[in-house]
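Reader: Please take one kind of feature in this model, the packing of helix against helix, and go through it closely. Give the cut-offs as you go.

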Amino acid sequence: MGLERLAVVCQDVNSLFDVDTVMNITNKVTELTGASYGQSVKMDVSLRVITDHIRASTFMIADGVLPSNEGRGYVLRRLLRRAARHGKLLGVNHPFLYQVVETVIRENENHYTYLRERAEYITKVVKVEEENFARTIDGGMAIFANMLAEHKAKGETEFSGADAFKLYDTYGFPIDLTLEMVADEDMTLNQKEFAQLMQEQKVRAREARKALGDLAWAGIDLGLDNTPTTFVGYTQNNCEAKVLAVCVGEEVSGTIAGGESGILVLDKTPFYAEMGGQVADQGVILVGNSRFQVTNVQKDKGGKYLHYGKMLNGSVKVDDLVCASIDVDRRKAIMRAHSATHLLQKALQSVLGDHVHQAGSYVEPDRLRFDFTHYSALTAEELAKVNSLVQNAVLEGYPIETREMPIEDAKAMGATALFSEKYGDTVRVVNMGNYSIELCGGTHLDNTAKVGPFELESESSVASGVRRIEAITGKACLEKMEHSQQMLFDAAMKMKTKPTDLLARIQAHMEELKELKRTIEQYKAKEASGEVERFLFGSHNVGGFKVLTAMVPNADAAKLRQMGDLLREKDPNVVAVLATVNGDKPTFLAVCGKEAVSSGIKAGELVKLVCTTCDGSGGGKPDSAMGGGKNVTKVDNALAMVDDFVTSKLH
């Protein structure tokens, strides 16, 4: 038996739902819904569904699952929406599940401590999902009312399966809720027709997923044919277009309102979708005074362009005629980096050899990352040569021409594939003055001169046999140059010289600093020698040995060792312990001259004794040893033990 089944036996209750930890959750649900447990079978079912589902959902979210339309995220969404649906059956028409989360956590946190740490996050996720579902229900209720009115106007007593399917498929309206509301109107629902349409939808969804791949909305049929979105962005920065589909969050919707995030699908677009290593365009989609801010664009395998973004104001609905406009300055910056990437590959092949092939890339505004096959790191000379070749190609001002042609003709021209992708019979060739000829679907400049300044920033290893170069172009390069120039002027001002004389002034200052450092070291050595002489003068005789202890203020370990070495060199009969305090921790150095060591007096034993007295430890060689303590108040006591240590060794 599992723990909960054992609890059922031990607590002498009828089911898992009657165990105290679970019943406490149910009690919270009854408090929020006003329902009474045990009043009726139907009510008990709803209370148990809510209790079970919110408990499971809380743990799933704590484990990192988020509501979505695929995989485990879809399971979580179904659990939450089914729980919310049973809340409506109990008469709750507002979000309430998130208020039960605290009770679930309280009943389980003793063992699952991470629940408390993530309580705020779990509550927020549940609440947002409830609110999204509530909007879906509210919208479906109005549509249901219109459909119902049409049926009644025709004198029909059967609600069509097609209307029920539309409510479910397009607006996410639960079929059991439709059944209940139809029954309340003394009507029946054509469930056979509904089931048939559901089966057809499943077939379409499977086919759509095959066509759309990972970017498809799993489980959702957008209701669109297989005609690809027409891309006009090679020659146009804006265009008129028709809205084919709208998604709000992850829900298919007929409209998107101000403040909501979602996706617009258009029949044609100037927006370049992220692919081939090039980031997507950004911009706006306008209809009247309504503005949708596009932040990302993805292209699915079916050829549809999905414009991700947020509705800043107004609204957009299906079939609206809109004006789609890209951010032109951003597009130009991307094109500078992309065209420079082609020049970079050509330069690398020229310097390193034909074995260099592209192994990945990422192109964003005025910045690029290029991975390529090569067996070793590039030398400084090779990097300089590559950088120079790219800059020369920019200065040459090669015209950039793009043409579509049969792939065989492209190969005959010597064109190579820049990106790791499959090519059809017809390909797009980007020719930069016959200097670089590549197959590429990205956007490019019309002349290499427009790349502007180019600079390699780094070269590193990505994997065995794969190197990575990062570079900047255009405005990013100019900004870096301006920043460097300003730093040069600021440095020259600090050094009180002209920028052209800065290097000579720095070299002169470095020589001055070296001389000052030598002078300081000499002074320190002389100072240490003088201190050692004073220490020896103040020593006292114990059995013929010069024993001394001393506190050295503001000293580090290096200074203590230096002074210890001088003591041993000056007198072979010396036995000394030097101490310093940094913060609240004492440090000790013990040294013994040659004669002292030969008589059995060892520095390692001595330093261990004084350190132990200060609740610390230490050790080392017979002639020099170091250690530390933890109790600064016992330093004097530790130093006072040196005489007794020497005496004990002599006897």
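Author: Helices α15 and α16 lie oblique to each other, because their axes cross at roughly 55 degrees; angles under 35 degrees count as roughly parallel, over 145 as roughly antiparallel, 65 to 115 as roughly perpendicular, and the rest as oblique. The model is a predicted one, in which local features need pLDDT of at least 70, side-chain atom pairs count only at pLDDT 80 or more, and totals for chains, interfaces and linings use all residues. Residues are numbered from 1 along each chain as its sequence is written, and side-chain values use heavy atoms, with hydrogens and water left out.

Helix α15 spans residues 502–537 and α16 residues 557–570, and their axes come within 9 Å. Axes here are lines fitted to C-alpha atoms, for helices over the stretch in contact, with angles from 0 to 180 degrees between N-to-C directions. Helices are DSSP runs of H or I with at least four residues, strands are E runs of at least two, and both are numbered from the N terminus. On the α15 side the contact (heavy atoms within 4.5 Å) includes F535 and L536, and on the α16 side M563, L566 and L567. By class, this contact has eight nonpolar, two polar and five charged residues, where Ala, Val, Leu, Ile, Met, Phe, Trp, Tyr, Cys and Pro are nonpolar, Asp, Glu, Lys and Arg charged, and the others, Gly among them, polar.

Helix α11 (residues 328–352) and α12 (residues 380–396) have axes 9 Å apart at an angle of about 135 degrees, which makes α11 oblique to α12. Their crossing is right-handed. Among the residues in contact are L343, L344 and L348 of α11 and V386, L389 and V390 of α12; the whole set divides into eleven nonpolar, one polar and two charged.

Helix α2 (residues 20–33) and α3 (residues 41–62) come within 9 Å and cross at roughly 115 degrees, again right-handed. V22, I25 and V29 of α2 are among the residues that meet α3, where L47, I50 and I54 take part.

As for confidence, the chain averages a pLDDT (the predictor's confidence in each residue, from 0 to 100) of 88, and 95% of the residues score at least 70.

Note on methods:
A crossing is left-handed if the near helix is turned anticlockwise from the far one by less than a right angle, and right-handed if clockwise.
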